[in-house]
Amino acid sequence: MDLTPSDEQRLLRESADRFVAETFTADHRKKAANDPLGFSPAIWKQFAELGWLALPISEADGGLGGGAIEIGILMEAFGRGLVSEPFLSTVVLGAALVAECGTEAQKQAVLPKVAEGALYLAFAHSERAARFDLAHVDTTATKTADGFRLSGSKVAVLDGAAANQIIVSARIANANGASGKLALFLVPAGSPGLTLRDYARLGGGRGCSLDLKNVALPADALLGDGSDALPAIEAVVDRAMAALGAEAVGIMQTLLDTTLEYTKIRKQFGRPLSANQVIRHRLADMAMQVDEARSMALRAALMAGAEPVARGRAAAGAKAKIGKCARFVAEQSVQLHGAMGVTEELDIGAYFKRLLAFDTLFGGSAHHYRRHAALSGRQAC
Amino acid sequence: MDLTFSAEERAFEQDVRDFISANLTPEMKRATALTPSVFSDPDIGMAWQRALHRKGWGAPGWPVEHGGPDWTPAQRWIFEAESARAGVPNVNVMGVKMVGPVIIGFGSPEQKNFYLPRILSGEDYWCQGYSEPGSGSDLASLKTRAVRDGDDYIINGTKIWTTHAHHANRMFALVRTNDGERQQDGISFILIDMKTPGITTRPILTIGGDHEVNQVFFDDVRVPVANRVGEEGKGWTYGKYLLEFERGAGIASAKLREALRTIAELAESDVTGRAIEDPDIALRMSEVEVDIDALEMTELRVLSALQTGQNPGAVSSVLKLRNSEIRQAVTRLGVDVIGNDGLAVEPARPFYKLNHEPAIPEELLPVVPEYLNGRAYTIFGGSSEIQREIIAKMVLGL
């Protein structure tokens, strides 16, 4: 039991913090917001050169063999700079799903390219009727003579428009049409029958919804051997929630730091806002909640490799708790900035919106407290 | 970074379990479970302290030269977690965790030689003389005065909220020896034999029905100057050092987890009509458990960063605040879990020595008193409002 970061982890944090502070300025963010991709491919190349894209990929698959702690270190730095590069979509979700489910050939075709920065991935799983139930998939994959045909609709596909390949979940339809096992498919961008409705994502980056109408795929588009993909999806999403939690911590810390500075400078009634006890105690509560969130993100990362129930309880607990803390810190940051906090003239709103998006992704606090209770045997989910 | 224990740590965990199962009697366990106040009665607590001392585990946080076991942070963690899980009695924390570190840090060689072994062995039972009727959160405004008379101080005044003063044979107290420019100046830290003539103790019953705290009066009480710890007038510094130990550097999450487990067991049992089937109860239980997870991780982070015996500093305020708030959430949940049985008041104490059949199942007796007494968690040791002020000042630099 030791929670002291290794020298490598300390160095990674320093270099990530430095790179993000120098690169992701407010001006940069405005430019990225107008980019059709929602981010800068030139910076993505730099991520590759820094080794960040290879970091969580295993050494056998051409990566550096880092784990959830290293991902958390990067994500926290990304949160501080509101980075909109598709690290979550391509690396934390996409590459992890391929690593988790793919055949040797699929891994070799995809993972080294991800590590080089030459391939963008996206994960199309959520459906409107599913809300946040990972097992609820209505999209079907019907077997054909030489492969599959996919039909259905997906929502909240992060960075779908930038992706060269989209990993789509579907239920394999039996001969009699009844839906069977959940499977994952690698769908190339621009496949006939695939329609994207791209949008600017709340808090930065892009998202889309996806319609699939008889999208024809070869047999080897199926990730892996066709065994049930739900356990892998749950594992990867739990790890993604730990990563998102770390990103939220970076966002919350920046909001706290900014708000703290503002309350020292802003004078009302002849004294700084921070001279008022009601403000001081609010800030103390914000600081405590940032710290609790930090603990929960670290915990979820440390438990990322645990058996499914322990991992799921840690991830659900983290998502629920960090979501609750994030809402509080975000709302109080706006509140303590007064009317300026609700304008686009300050950065506060951008950070606020990214936290709101965080809370929504993969389900909010109420959903994850329910999931935690269910995994703890306290009630039906 | 790693949450798992090494083979050596696992072996130590087994040692702790073996020790507990060999020494924790069913009577001690039952008495602890049925105690609704913050501290165990001394007959139970000191029996445990003696057992720990025999093993060399009497003061986990002390340096080796004073009888500490020289544990790594992970070992301290394991010890606290296993102790909480097994439901061991509370020892006299005023001795081991409060005055002990101050004597180690600032006491004379004579004081160390005399007092420390007696704390370890359980021979001495300490109480804390800090608060006064006029000085609650504003502790430094204290008025109990010690006037120098040759080799003695003559003490006059009163202390209040003194936990277990009616059991203690010794008190450490903050007294005013001078009127300094600031009210923090002129305070001295002094060790008092409770049998000294002129000391009287008045019991104060708390709303849960327990006699835990007292008011203590000093009427021309003569205490040798040799009983002062450190320099005259520097008592505030030593007192604050102690408060940081009182608030933090402890491992509170293990006890919270055990308290929640007790409530969860009641909720899953027929004795509460299976309260857990109420979805609101189930969700709140998860919410509290997740809060405990967060506190536990923060404690582990602090523990990893600290050297044994080092002053935990302002983070202790964060730990104290969260511990007290979560403790209250657990006890509140307990009241809701037992439902109608919470209406029955049992005035007799202690619950483990009742000489009549209680009106409700025995295990439900402490639940409401724990909630009621537990309101004090956010008040004692510096109220939550004081802790927020410390965080604003020391952590946020405001």
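In chain A, 73% of the contacts with a separation of 6 or more are between residues 24 or more positions apart, where a contact means C-beta atoms, placed from the backbone, within 7 Å. Keep in mind that this is a predicted model: local features need pLDDT of at least 70, side-chain atom pairs count only at pLDDT 80 or more, and totals for chains, interfaces and linings use all residues. Residues are numbered from 1 along each chain as its sequence is written, while chains are lettered from A and ligands numbered from 1 in the order in which they are written.

Let's start with chain A as a whole. Its secondary structure comes to 11 helices and 9 strands; these are DSSP runs numbered from the N terminus, with H or I and at least four residues for helices, and E and at least two for strands. The C-alpha atoms fill a box of roughly 80 × 50 × 45 Å along the principal axes. A compact globule of 381 residues would have a radius of gyration near 21 Å, and chain A agrees, with 21 Å (taken over C-alpha atoms; the rule is 2.2 Å times the number of residues to the power 0.38). Of the 381 residues in chain A, 52% are buried.

Now zoom in on one residue, Trp44(A), which sits in helix 3 (residues 41–49) of chain A. Trp44(A) counts as buried because 21 other C-beta atoms lie within 10 Å, and the cut-off for buried is 20 or more such atoms, with C-beta atoms placed from the backbone. Leaving out residues up to four places away in sequence, Trp44(A) touches Phe39(A), Glu85(A) and Gly117(A). Glu116(A) is 72 residues away from Trp44(A) along the chain, yet their C-alpha atoms are separated by 9.6 Å.

On to the meeting of the two chains. Chain A puts 31 residues into the contact and chain B puts in 33. On the chain B side, helix 9 of chain B provides the largest share, 14 residues.

That helix packs against helix 8 (residues 277–302) of chain A at an angle of about 90 degrees, with the axes 8 Å apart; axes are lines fitted to C-alpha atoms, for helices over the stretch in contact, and angles run from 0 to 180 degrees between N-to-C directions. The two helices are therefore roughly perpendicular, a label covering 65 to 115 degrees. Among the residues that meet here are Asp291(A) and Arg299(A) from helix 8 of chain A, and Asp293(B) and Arg301(B) from helix 9 of chain B.

Key:
Contact = placed C-beta atoms within 7 Å. Buried ≥ 20, exposed ≤ 12 C-beta atoms within 10 Å, placed from the backbone. Parallel < 35°, antiparallel > 145°, perpendicular 65-115°, else oblique.
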